[in-house]
Amino acid sequence: SASAGNASSATYTVVFSESVTGVDLSDFTLTTTGTAAGTLASISGSGTTYTITVNGISGSGTMAVDLNGAGTSIIDANGNAISGGFSGTARTVDFVVPSVTNVTASTANGSYKAGDTITITVSFSETVTVTGLPNLTLETGSTDRLAVYSSGSGTSTLTFLYTVQSGDVTSDLDYLSSSALSLNSGSILDTSGNSADLTLASPGASGSLGVNKNIVIDAVAPTVTSSSSASAANGSSATYTVVFSESVTGVDLSDFTLTTTGTAAGALASISGSGTTYTITVNGISGSGTMAVDLNSNGTGIVDAINNAVSGGFSGTARAVDLVIPTVNASSSASAANASSATYTVVFSESVTGVDLSDFTLTTTGTAAGTLASISGS
């Protein structure tokens, strides 16, 4: 028989040394190995050549049509009976579908960032042949990524490649689901043409990528989440707290700029801290306006644990600065000189609070006299 190993029906050709008669299905036996099974269904032919059909083929192993050794009625034209039996050539039977047995990675355990390539291997229960570009969907944070077939056709282990993209993040790389392996219009077949069962172990279960390997993906750049100061507005020194989105290193004073408005001025003096939180001290504060500590846009050298560089700059929260001392610009009265009551207008150089009558003294000359009576204004 030349039928495919996974055909449910097969034909066997039996050839005699000369023309014979009396040939029927009972003269033959179907011999199998393994779990292969089938049924002798029909026979046709004449002379030297006969065709036997076997139906209902299943299982895995070999199958042959043999001529019985005795009890046949097969004779030639002169009545000579056929001598002995004959063992037919065995054909392979394969109805066992290849299945996934394991998913792992040849890439070492560890942390990987954008641009790194992860090599994932998918093992099958038998040798398979691949056409096209099947893919494996991975769970990599907000956007799922594809590991694309690379090599392995003609073996039992296929290789898929995944290149880490910016924004990918997971603490333990795994595929998305048990149906994450897709043919993508290609095929994965065994040597008999059986299509592979693509079902994977559930993510996190034995045989899954996440259990077999400890691969961390971190392609998210650290950022500053806040930069602010709670110091008083009239202090000559202030501290600013800068908080990053994750633990970083390489932080120094040159990474920051003091941004001011008005006449406010000061100098970045020192920095301390580690991990996510750093404290910057600003000394020599003077003037009036606002002051903020900003992260520079580039060239900082600040990185996270796997060398993702900090993303962009950051404008800190401005704090008010007021080191200008208020003064009285004018104090005068427009009342007539012979009035028994007079009002005096006092003008400050800027808006002030805490003003009351006790802050003032009535100064006289000659016999002039009077009493400070009341105060109003703001």
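Here is a short walk through some paired strands.

Before you click, know that this is a predicted model: local features need pLDDT of at least 70, side-chain atom pairs count only at pLDDT 80 or more, and totals for chains, interfaces and linings use all residues. Residues are numbered from 1 along each chain as its sequence is written, and side-chain values use heavy atoms, with hydrogens and water left out.

**Stop 1: strand 8**

Select residues 117-131, which make up strand 8 (strands are DSSP runs of E, at least two residues, numbered from the N terminus). Zoom in on Thr104 and you'll find Thr121 of strand 8 opposite.

Next, select 155-163 for strand 11, which runs antiparallel to strand 8 and is joined to it by eight bridges. Click Ser123; its bridge partner in strand 11 is Thr157.

Then pick 187-189, strand 15, also antiparallel to strand 8, with three bridges between them. Here Val130 has Ile188 as its bridge partner.

**Stop 2**

Move on to a three-stranded open sheet with antiparallel pairing, in the order 19-22-23. Strand 19 (256-262) and strand 23 (319-322) are the edges; each has a single partner strand, so one side of each lacks a neighbour in the sheet. From one strand to the next, the twist averages 30° (axes are lines fitted to C-alpha atoms, and angles run from 0 to 180 degrees between N-to-C directions).

Finally, select 288-295, strand 22, which is linked to strand 19 by seven antiparallel bridges. Find Thr259, and look across to Ala292 in strand 22.

Key
Pairing = 2+ DSSP bridges. Helix = DSSP H or I, 4+ residues; strand = E, 2+ residues; numbered from the N terminus.
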